[in-house]
Structure formats: C-alpha cells, structure tokens
Amino acid sequence: MLPEINLATVLLLHETSLLVGALAFLYLRKQLVSAKGLGLLAIAFIALAVGATIAGLGENVSLPYWLWTHLSLFLGTLGYALFWAGLSELSGRRGWQKNKLVLQVPVCLTLLGWMTDFPSQNVLRASVFHINAVIFLMLAALKVRRDYRSEALPVRRLLAVALLLSALVYTINLISLISGTIFIFSIAEMFLLQILLNFGIALLTVILVNERTERHLKLMAQTDQLTGIGNRRWFLDQLPENICQDMAVIIMDLDHFKQINDRFGHAVGDLVLVEFSRHVSGTLRERDAFARYGGEEFVLYFPQVSVSELTAIGKRLCKEVESLIVMSQSGRVPITISMGAAFASGKNDAWNQILHRADLALYAAKKAGRNRFLIDESTYE
C-alpha cells in the first residue's frame, strides 16, 4: 500500500496531468507539418480533464446531480474513445477512419443513460466508465504493438506496456467497485498511478513522434530525391567493414547523358534517370545495394557473387537498358550504359580502392565503345 494521500490534491494533479498532456500534443502538432492524431489526442485529454472536473464539482454539490452524472460519464467515455482514435491515427498509416463508428459508443451510452438514468447510481456509472476505459486502452495498446511490424520504432513497445498498465489499474479499480472492498489500491492511490501513467503515455507518444521524425530526416538525407533510391551517403553506409573476396561493386554510367538533356530537355533526362533506377531496382536481390552515386552515375554492391554471376548480371543489364522505352515528344529516347566492376581481393583491401578499380574498368568500357560491361583486370590475376 502507498502512504496516505490527500484525495482532493490527487484529483487536482490528475486533471493537471491530463491538461499538460493535451498541451504537449497541441504544441507538437503546431511544430510538425504532418502530425495526424495529435489533435484528437489533445481533445481526448481535455475531455477527460473537463469530465473529471465536472465530476469533482458535482461531488461538492456545485452542480445539479442529474447534470454532472450524465455529463461526466459522456465526457469520460468520449475521452477514451477519442484517445483510441487519435493514437490509432498517429500509430499507423491507415488510421482510425474505417472504425470511426466506435465514436458512437459514448453517444449510445449517453442516450442509454437518459433513458434508464443508470448514471445516477455511482457504482454503475463508475463501472461503465472503467469498462470503457479498459477496452479502449487495450485496443490502443494492441494497435501500437501491431504497427511495430511496419514501423519498428523502439518506443512502441514501451508505449504499449504503459497503455496496458493503465488498463490494468482501471481493471483493478473496477473489481474494487464491484466487490465493494478495497482491492490493492485505494481511490487516491488509483488516481496517483493514473497520473504517473498519463505523464508516461504523453511522454512516450511525444518520443514516438520524435523518433519517427528523426528516422524520416535520416531517410531523406540518405535518399536521392529524384529517383527515390539511396544516394552516395546511403550506399557507403551499406558497405561492411569486413571485406571478403566474394564481394563486388559495379559502377555504371548512362552513355551520352548530356546529349540526352541537350536534345530532349532536362525533364526527359530526369525521366530517363527515374525509369533506369526503377528497372535496376526491380532486378536486384534483397541483400544487394543500388544507389545513385552522382549525376548520371550509379553504383551496385553485391555482398556475395561469383565472377560468372557478375558477368551475366552486367551483360543482362546492358541489354535490358538498351531495350528500355522512354518516350519524348521527339520520339523514343535511346539509352545505353557502360559498366565497370571490381572484386574485393581480401588482401588488406579497402572500399575506396575497390571503387577506384571499378571506376577504371568503367573508363575502359567507355573507351572501348560504351554500352558494355567490363571487370577490372586485377580480378583475373
């Protein structure tokens, strides 16, 4: 058991924790361009805070009994329904729109309350509120944890645990209400635990948004904006520190790309880069890495490949690129590529040396007439 706690103070802190959480969500929503769900979360916390305030005023006989019992129940059930909706929208891409009918739950409970007057019975009203809170908290936890598959942010697991703990506290208090005896926690202790969990949920939600923003910024910094594939920085990050002999790189260059821009225009040149990137990306194995190295130059990394396999890949790409159809107002745009490859020697080799050898092979392919694939001569030594 926790030390004796003043209930009035705890109730005030509970309302304050909800308002602080709402302010945090609103501030974060204002700072971000895309912040789906934060507005609903803020409204949810405000509804819960207002509902708790009305219930407190009603208990002090500051409001008519029929008014505060019905209104506090409506705001309480609405708050957790909105909380689930907001967290669902924040957590995943699909959001809550397909299940927005669930927001009719507080409306239906309110209408049922007006018809039966069950909110006037304290235990029944509190039980309905607790059941509603437990259901929506558990649904929110399930949503956050399930979306980890598509967005593996570490904070998701902590947030799911916090939501389940909040549902557990409400469940324990529900048992106490139904049994009429104190079960583990007193009312004041229950509110104190919910205060801590409210702060925790708000903090973890903010961390979730920040982690997502940081990941997005990192992705933007490592992605070529035109083609959508990795850029030079991303590619170099994919190269392992331990270099093995079966590793290889290919540097490829679109032949006479400047002439394409001059003849057909830069918009067509951009389209050529996009279509070329899309085609090559679709032919690679999952463990291979493909990136735009700069301008019309691209690079491929193979973590495990033989000389015969690499030769077959290079020749196949030459033929496939030559047959790519990119149209302009002046007709079909002719596209060919030259490619140079190099294998790791495994003898105190470094990636800058391997890439240099591949670049020399690329230069040799251009000098030999372009539209061809060559492997660095040191591979055969």
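**Burial and backbone**

Analyst: Of the 381 residues of the protein chain, 46% count as buried, where buried means under 20% relative accessible area, exposed over 50%, and partly exposed in between (1.4 Å probe, protein chains only). This is a predicted model: local features need pLDDT of at least 70, side-chain atom pairs count only at pLDDT 80 or more, and totals for chains, interfaces and linings use all residues. Residues are numbered from 1 along each chain as its sequence is written, and side-chain values use heavy atoms, with hydrogens and water left out.

User: How many helices and strands does the protein chain have?

Analyst: Helices (H or I, at least four residues) and strands (E, at least two) are DSSP runs, numbered from the N terminus. The protein chain has 12 helices and 7 strands.

User: Where does N371 lie?

Analyst: N371 lies in the loop between α12 (351-367) and β7 (373-375). Its phi is also positive, about 55°, although N371 is not a glycine.

User: What is the relative accessibility of H256, and what is the relative accessible area of N371?

Analyst: H256 counts as partly exposed because its relative accessibility is 41%. N371 has a relative accessible area of 26%, so N371 is partly exposed.
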